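Please read the following points alongside the sequence and the coordinates. They are meant as a colleague's note, taken up one topic at a time.

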Amino acid sequence: MSAVLETQSVVSDLEGYFRRFPDVPRETIVKIELLSCGHWFTDAALAATKGSVVKSYRLFSYDLVPMSDLKRNEARQVPEWFYIFQGPYDLRSVMVQTTLDPSSPYVIDVVDSRLVLTDGRQVICNVSFPVAPAYYTKSFADGVLYHEVIAYGYFVTVFRNCQYWGPKEECRFCDINENARQMKESRTFTLNAPVKNVDYVEEVGREVSREALERYGHQAGVRFLITGGTITKTLRGLGENEFYGQYLRALKFGGPRRHVALQTNAKTKDEIKWLHAEGMDEHNANMEVWDRRLFEWINPGKNRRIGYDEWIKRMIESVDVLGEFNVRPNFVGGVEMAKPHGFATIKEAVDSTTAGIDLMMSHGIDPRFNQWRREPNTNLVKEHEQPPVPTEFYIRLMSNRYEIWKKYGLTLPVKREFEPARCYFANDHGTYDDFPLLKEAPYYQDPKLRTPEEILQKAAGWPEPRKLSIHGPADTKT
């Protein structure tokens, strides 16, 4: 297919979705496409990312190609996320997680001294990158960079591997072990040990709090997520709860006003009580997929060790300890349609997961949806060709989630995090929170506000705009 035809197809597809779903925010449709199809950066765009929050490869690769295919050291240059805004469709600012694919029709480039998203020929919208916080320049005496211990003031992967090994144990969508291997082989990361030093985690946590104090002028609350692979037996002589408990204590009690989330397998009520006493405020028992048959196929280790019914029971009982919406399991949105055993139609897939969302929200559980990237080193992709999940699937599922969110009268998903954009914008890896924010948040309703700085100034009530992003090679406002 010619480049011109591909260009026409990208633009016509986007505009076709805009017409078919007029009540769906256009920003979410563009974001879904960028996460599904990936995107690429020209040399000029790569040069313009200098000074941004560099991609951390914190858990999974979230790329559609292996790191060995990145010939310009893209893995150490591209930003963790970027903002899309304005352009011919007058988009409001949303965050998009970087997902590399050189064959993608979506290309980030520099046009007329502006960073823009293009389809290879036509500008779709403007682009900017988050400015790296001050602590990103710091390192320990052994050379380990602070930001490889805690990414963007929040994400802490304390165990880089998973003890679910091989196709009979590993979750089939997951590339945590392969991602750790490719990071080590690249020789460009300063921290390749599978286990992070507890003292390092505690010190970087303190540095994040110190910078938050300088940034906001008061002891702002900060939030951390502790995650890592499953420990089926022991690690360094500790069971899974005890191993993760030491990091909970280090971060929760290493400074004031910390909200600490932990991401592990589903835990019993007694285990949740123990972890809560150690400093856990929120628990993410990532179920990955709602359908029972697909849970058993996609999560063989989780199914063997805990099982479908017990997993749901544990999530519901965790709410009794942690409170409503402090139980936030992740789902790999789109894996419902994975070949060869996933649902054959969009309707079947959407109906199944929608029923799960309703049940969970009715019990005070807040399900999150990380949009599936189809990473090449995963079992699913190695064993079967996995075409992109239809954009319509995500539009319909996230629309349903928004309606259920309204049905139960839930609060806006505004968070307290170190990075301002991550407080008021939705998460970069999916559109589940974009829907309620774009439709309901007051700071998104002003038609004059479009750039990240403008929206965040309104959301946070800052009297003066603050520099939060890099708009172009000359750092000029678009």
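**Notes on the strands, helices and loops**

1. Strands β11 (residues 330-333) and β12 (residues 368-371) run parallel and are joined by 4 bridges, where strands are taken as paired if DSSP finds at least two bridges between them. Helices (H or I, at least four residues) and strands (E, at least two) are DSSP runs, numbered from the N terminus. Within this pair, V332 stands opposite N370 in β12.

2. The model is a predicted one, in which local features need pLDDT of at least 70 and side-chain atom pairs count only at pLDDT 80 or more, while totals for chains, interfaces and linings use all residues. Residues are numbered from 1 along each chain as its sequence is written, and side-chain values use heavy atoms, with hydrogens and water left out.

3. In a regular strand the side chains alternate between the two faces of the sheet. In β11, N330 and V332 point one way and F331 and G333 the other, and all are buried, which stands for under 20% relative accessible area, with exposed over 50% and partly exposed in between (1.4 Å probe, protein chains only). Together with helix α11 (residues 346-362), β11 and β12 make a right-handed β-α-β unit; right-handed here says that, with the strands pointing away from the viewer, the path from the first strand over the helix to the second runs clockwise.

4. How many bridges hold β9 and β10 together? Strand β9 (residues 258-264) pairs with β10 in the parallel sense over 4 bridges; L262 stands opposite H283 in β10, and the bridge partner of T264 in β10 is A285. Strand β10 (residues 282-285) is covered on both faces, with E282 and N284 buried on one side and H283 and A285 buried on the other. The chain passes from β9 through helix α7 (residues 269-277) to β10 in a right-handed β-α-β crossover.

5. Helix α6 (residues 240-252) packs with α7 at an angle of about 30 degrees, their axes being 9 Å apart; axes are lines fitted to C-alpha atoms, for helices over the stretch in contact, and angles run from 0 to 180 degrees between N-to-C directions. The two helices α6 and α7 are therefore roughly parallel to each other, a term used for angles under 35 degrees. In this packing N241, E242, G245, L248 and R249 in α6 meet E271, W274 and L275 in α7, and the residues of the contact divide into 3 nonpolar, 2 polar and 3 charged.

6. Leaving aside neighbours within four places in sequence, H147 is in contact (heavy atoms within 4.5 Å) with V54, R76, Y135 and Y136.

7. S103, by contrast, lies in the loop between β3 (91-97) and β4 (107-111), and counts as exposed at 60% relative accessibility. S103 and T391 are 288 residues apart in sequence and 18 Å apart in space, C-alpha to C-alpha.

Technical notes: Parallel < 35°, antiparallel > 145°, perpendicular 65-115°, else oblique. Nonpolar A, V, L, I, M, F, W, Y, C, P; charged D, E, K, R; others polar.
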